[in-house]
Amino acid sequence: MRYRISVSAVIGLCLCVCPASAQDAPPDKQAPEEGLRRMLVDPQEQRTQFPRVDAPDVILRESKRPNERYDPNRPAQRQRLQDLDPRKSYYGNGTPPFPHPPHRIRLDGDFDPDRNLDLLAREILRFQGAERRPLTVVWLFDQTRSMLDDRPIVRWKLQRILREIEREENEIQEAFKRMEPRPKEITKEALQISHLVIGFGKSSRLVTLVPTRNLEAVEDAFESLAVDESGIENTFHAIAKAIREARQTVAETTRLLLVVVTDESGNDDEFLEDALDTAIKKLVPVYVIGRQALFGTTLARLGSPPDDARLPTIRRGPESADIEVLAWDGLQPRDDEQPAGFAPYGLARLALHTGGIYLMLPSEEAQRVRQREKAYSIVSLRGYEPEYTTREAYLARRESSPLRRALFDTIQATRDFSLPLRFPYEPRPLVESLRDAADKAERQWAQLIPIEAKLRALRDDRAVEPSKRWQAHYDLMLAQVVAFQITRREYRAAIVALRRTASGAIDGAPEIWDLTHGRECQAPKESTEASYREAERLLKLVIERHPYSPWADLAQTIRERGLSVKWHASRLKDAPPRVTGSHY
């Protein structure tokens, strides 16, 4: 059996679905019997939209502070959230008496990711109506520490969803009793929905031992989820195991629907196909409530929570089957955490090929070091979607294309192109480390020259490349290679200048020298002026050719931070931590 893929499920997009347009809006609520008849006749019919209930709206409306943002880690807001009753509608007749929350995201007009969970409830009811058999919804929750800031609002909204599903289910049951003639193939039991809650991190465990229709037990299970301190998220292991365990706990005639709630892409990508095969064989659609991927990289850095327990970096990408952009920013491994506009590849592929949907988490993150979340329009990213084939098929297609193969070779050749950015303050070790750094920058600059020539020779291949995504990769990579040659020259000039000026100490305390991106030229202007003009032209070209996209935003980031470098002298205890290793 093969699932039909919903037209609305552009799974790769991080904000995969938008609300129906006015002309497609569901009709006014009809008599329950008629609504049930229509659902049985046309299982694809969209149900009446649930009332809007937004706890952040209630909290922010009560606040006296202008422009306050919702943050579940603030004690006052967390307490207010706990006081709100998820069974109560704060919108009365369904018309919001106050504005949308500040984290509303615009996508093809006004779009609020909070409505994604409303869509999930409709999907659950639609799936049950299409199958006409008992349904068990398996809730698979990420228990790692990075989900702590999402838990309160997600739990609150999921409790509301359960109540809405229960209300709709009861209406259908009542309508079924009054139906004449009653369809012989439909029984009362066939219209029942039960729930199974499973938590996962490094391993997974059943929180509710058996499926239950007791919503209080399900809500208690949400509340009792422990925190997995391992920092490891074996997502695809957990998905395959959850499907197998759930299948063993329900009757043969009961259908399963899996909902994964996570903010990571998982540490076990190599088991993606096993999870996908398990879901397809067991006929289980997989829905994911998650975050968008990072653009061309894997790691997002987290800060420290209120208890000062240091959080690990988390995996959230890439959005494609392999890395497709340069893994360094001209000086060090990329740490810009540019959002990709698409879901992580593995989870997107899983949802797409099982008939599910990838939905956005409805809350903002409070633990990220860099707050760069941005929603991209489905219109502006049309044609830039990653390939959701198997990795083997992806690699074969990349190898057959001269352009794609050359871009990947460039990524590999420059993978370790980071430069030393922290130097000792004492004169003798400083001179030695500066000499080594200057030699390394000179070697890398010499390597970038033939790389640039190779990329420029591929302009004809770029012209015939059918994928807008790979065209954008080429445009950005060529601009970066030209720009980063300038950075090497500026870096070397800054090192030479430091040899002449470094002396003394701040208040007698030990010091270090740090190099960072900068805008002020260090090398003689006449030696870099032409290169600056060409780099600026190419970066602007990326923005013009691929507007409102991650490629344009990353190009603009490079322009704004500058192609040069600058020095900072710091005490060791005050110096910021350096980024080490590769995000490849």
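Two strands are taken to pair if DSSP finds at least two bridges between them, and helices (H or I, at least four residues) and strands (E, at least two) are DSSP runs numbered from the N terminus. The structure is a predicted model, in which local features need pLDDT of at least 70 and side-chain atom pairs count only at pLDDT 80 or more, whereas totals for chains, interfaces and linings use all residues. Residues are numbered from 1 along each chain as its sequence is written, and side-chain values use heavy atoms, with hydrogens and water left out.

On this basis, six strands form an open sheet with mixed pairing, in the order S5-S4-S3-S6-S7-S10. Strand S5 (204–206) and S10 are the edge strands, each of which pairs on one side only. From one strand to the next, the twist averages 25°, where angles run from 0 to 180 degrees between N-to-C directions and axes are lines fitted to C-alpha atoms, for helices over the stretch in contact. Within the sheet, S3 and strand S6 (residues 255–261) run parallel and are joined by seven bridges; Leu135 has Arg255 in S6 as its bridge partner. Helix H6 packs on the sheet, where it touches S3 and strand S4 (193–200), and the direction of H6 makes about 15° with that of S4. Contact here and below means heavy atoms within 4.5 Å.

Two helix pairs were examined next. Two packed helices are described by the angle between their axes and the distance between the axes. The axes of H7 and helix H9 (residues 345–354) come within 11 Å and cross at roughly 25°, so that H7 is roughly parallel to H9; angles under 35 degrees count as roughly parallel, over 145 as roughly antiparallel, 65 to 115 as roughly perpendicular and the rest as oblique. In this contact, Thr235, Phe236 and Ile239 of H7 meet Gly346, Leu347 and Leu350 of H9. Sorted by class, the contact of H7 with H9 has four nonpolar, two polar and no charged residues, with Ala, Val, Leu, Ile, Met, Phe, Trp, Tyr, Cys and Pro counted as nonpolar, Asp, Glu, Lys and Arg as charged, and the others, Gly among them, as polar.

For H10 and helix H11 (residues 402–413), the axes come within 5 Å and cross at roughly 105°, which makes H10 roughly perpendicular to H11. Arg397, Arg398, Glu399 and Ser400 in H10 meet Pro402, Arg404, Arg405 and Phe408 in H11, and the contact of these two helices has two nonpolar, one polar and five charged residues.

Over the whole structure, 30 salt bridges were found, a salt bridge being a side-chain nitrogen of Lys or Arg within 4 Å of a carboxyl oxygen of Asp or Glu. Arg145 forms one with Glu229, the closest N and O atoms being 2.6 Å apart. Arg145 lies in the loop between strand S3 (135–142) and helix H5 (151–178), and Glu229 in the loop between helix H6 (215–223) and helix H7 (235–249), so the pair ties together parts that are 84 residues apart in sequence. Arg145 counts as buried, at 14% relative accessibility, whereas Glu229 is exposed, with a relative accessible area of 54%; buried means under 20% relative accessible area, exposed over 50%, and partly exposed in between (1.4 Å probe, protein chains only).

A salt bridge also joins the side chains of Arg397 and Glu387 (3.2 Å, N to O). Arg397 belongs to helix H10 (residues 391–400) and Glu387 to the loop between strand S10 (358–360) and H10, ten residues apart. In this pair Arg397 is partly exposed, with a relative accessible area of 45%, while Glu387 is buried at 17% relative accessibility.

Within helix H15 (residues 525–545), Glu529 and Arg533 are four residues apart and thus separated by about one helical turn, and their side chains meet in a salt bridge (3.9 Å, N to O). Glu529 is partly exposed at 38% relative accessible area, and Arg533 is exposed at 54%. Elsewhere, a network of salt bridges links Arg163, Glu166, Glu216 and Glu219.

Finally, Arg561 lies in helix H16 (residues 550–561) and, at 19% relative accessibility, counts as buried. Its neighbours within four places in sequence aside, Arg561 is in contact with Asp329, Phe484, His517, Gly518 and Arg519. The C-alpha atoms of Arg561 and Gly518 are separated by 6.1 Å, although these residues are 43 residues apart along the chain.
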